[in-house]
Amino acid sequence: MNGDRQCLSKAITLVESHQENDRSLAKQLMSRIQAVGTSMRIGITGPPGVGKSSLIEALGLEMIHESQQRLAVLSIDPSSAQTQGSILGDKTRMIQLSQSDLVFIRPSPSGTQLGGIAKNTRETIRLCEAAGYRYILVETAGIGQTEYLVSTMTDLTILMHLPGSGDDVQGIKRGVMEWADLMVVNKADQPEDQRVINTLKDLHSVLHFLPGRGHGYTPKVLSVSALNKKGIPELWGEIKAFEKHINENGYILINRKQQLVNSFRQQLPLRLWESMLVMPGVKQNLEDTEEKILSEDLSPEEAVDLLQDFIFASLRTK
Ligand code: GDP
């Protein structure tokens, strides 16, 4: 809480640890910390190569320069178990940002389970807030579910796009974009580039079909060039306008509370299932049941009934 970075790093390592001793210490720590003042949690997502790290470098510099507030950058990289290099890659792309005293950059550990990654990142966000970080940028590398994941723990989610032919935007399913609050088309090095114009137009038209969001703020579409630092002050202005809007109408707190309930719902079945799997006989029964499905002696539905009966019976005799 004194803003000691080394201490913050150690605290994050503690909450990421799977060791039994560390888990109980981590729980104690999390129950004692408090956020200092207000914060803004911003998610940045998009497919690999779209320019997330480059944008964070450019936007982050603009943010700290203009606000003189502290900024934490957390990267969730579910693929980093296989490609250790990607984390290093991010570091080298955020060279200027990482040199600022106002900035703390931390990659989240790789994990096999999205629920686990989300839980760790949520705790890491809270630790950074307790250490006095005003802005928290959370970057997710990856596509599909991991893109959506970041919006479950942030106040504002920025979805990045590449300039394309236009056809590809039509293919973006509504469900993929419902959770995005701001659309950014990166690599718009030349604004008169027809592909940029087409993509902006298509994104605008897709936005019309999206259901209204709880915060009542219509998602904006912006074009930037992270490389040439074009459109960055405008993007920062848009983030501030959004923040003002959700603070004034109270959405920021309502949304954060709802996110906690959602997190509880997400964790509960995972935890229950983990506890059941270590009950005597359950793992064996599960394997035998799977064999019976493979040999077509049981349908999946019958298998679920039987396994459930077995587990409930075990619980009753406990
Ligand atoms: P990430 O995988 O989404 O984090 O993407 P990176 O930030 O690593 O960028 C991928 C590549 O795109 C790098 O070679 C960047 O230099 C390049 N890049 C990023 N932003 C821009 C941009 O605005 N214009 C151009 N031309 N290239 C860019």
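This is a predicted model: local features need pLDDT of at least 70, side-chain atom pairs count only at pLDDT 80 or more; totals for chains, interfaces and linings use all residues.

Visitor: Why is strand β2 described as largely enclosed?

Guide: Strand β2 spans residues 71–76, and six of its six residues are buried, so the rest of the structure largely encloses it. For the protein chain, by contrast, the buried share is 44% of 318 residues.

Visitor: How do you know which strands pair with β2?

Guide: A pair requires at least two bridges. Five bridges join β2 to β3, residues 103–107, and six join β2 to β4, residues 135–141. Leu74 has Arg106 of β3 as its bridge partner, while Val73 stands opposite Leu137 in β4.

Visitor: What makes the largest nonpolar core a core, and which residues have the most contacts inside it?

Guide: Its members must be buried residues of nonpolar kinds, joined through side-chain atoms within 4.5 Å. The largest such set has 35 residues, and those with the most contacts inside it are Ile42, Ile44, Leu71, Leu97, Ile158, Leu235 and Ile239. Among the elements that each supply at least two residues of this core are β1 (40–46), β2, β4 and α11 (232–248). The largest share, seven residues, comes from α3. In soluble globular proteins, nonpolar side chains tend to be buried together.

Visitor: Which residues does Ile42 touch?

Guide: Leaving aside residues up to four places away in sequence, Ile42 touches Met63, Tyr135, Ile136, Leu137, Val138, Thr154, Leu156, Ile158 and Ile239. A second, separate core has 23 residues, including Ala26, Ile33, Ala72 and Cys128.

Visitor: How many aromatic pairs does a search of the whole structure find, and why is the pair of Tyr135 and Trp236 called what it is?

Guide: The search finds three aromatic pairs. For Tyr135 and Trp236, the centres are 5.3 Å apart and the planes are at 80°. The limit for a pair is 6.5 Å, and planes over 60 degrees apart count as edge-to-face; therefore this pair is edge-to-face. Tyr135 lies in strand β4 and Trp236 in helix α11, so the pair ties together parts that are 101 residues apart in sequence.

Visitor: How do you know whether Tyr135 and Trp236 are buried or exposed?

Guide: Tyr135 has a relative accessibility of 5%, and Trp236 has a relative accessible area of 1%. The cut-off is under 20%, so Tyr135 counts as buried, and so does Trp236.

Visitor: What makes Tyr217 and Phe242 an edge-to-face pair?

Guide: Their centres are 5.2 Å apart, with 85° between the planes, so the values meet the 6.5 Å and 60 degree criteria. Tyr217 belongs to the loop between α10 and β7, and Phe242 to helix α11, 25 residues apart. Both Tyr217 and Phe242 are buried.

Visitor: Where does the charged end of Arg70 sit?

Guide: The charged end of Arg70 sits over the ring of Tyr133, 4.7 Å from its centre. The distance limit is 6 Å, and 4.7 Å is within it.

Note on methods
Residues are numbered from 1 along each chain as its sequence is written. Side-chain values use heavy atoms; hydrogens and water are left out. Buried means under 20% relative accessible area, exposed over 50%, partly exposed in between (1.4 Å probe, protein chains only). Helices (H or I, at least four residues) and strands (E, at least two) are DSSP runs, numbered from the N terminus. Contact means heavy atoms within 4.5 Å. Rings of Phe, Tyr and Trp (its six-membered ring) pair if their centres lie within 6.5 Å; planes under 30 degrees apart count as stacked, over 60 as edge-to-face and the rest as tilted. A charge sits over a ring if NZ of Lys or CZ of Arg is within 6 Å of the ring centre and within 35 degrees of the ring normal.
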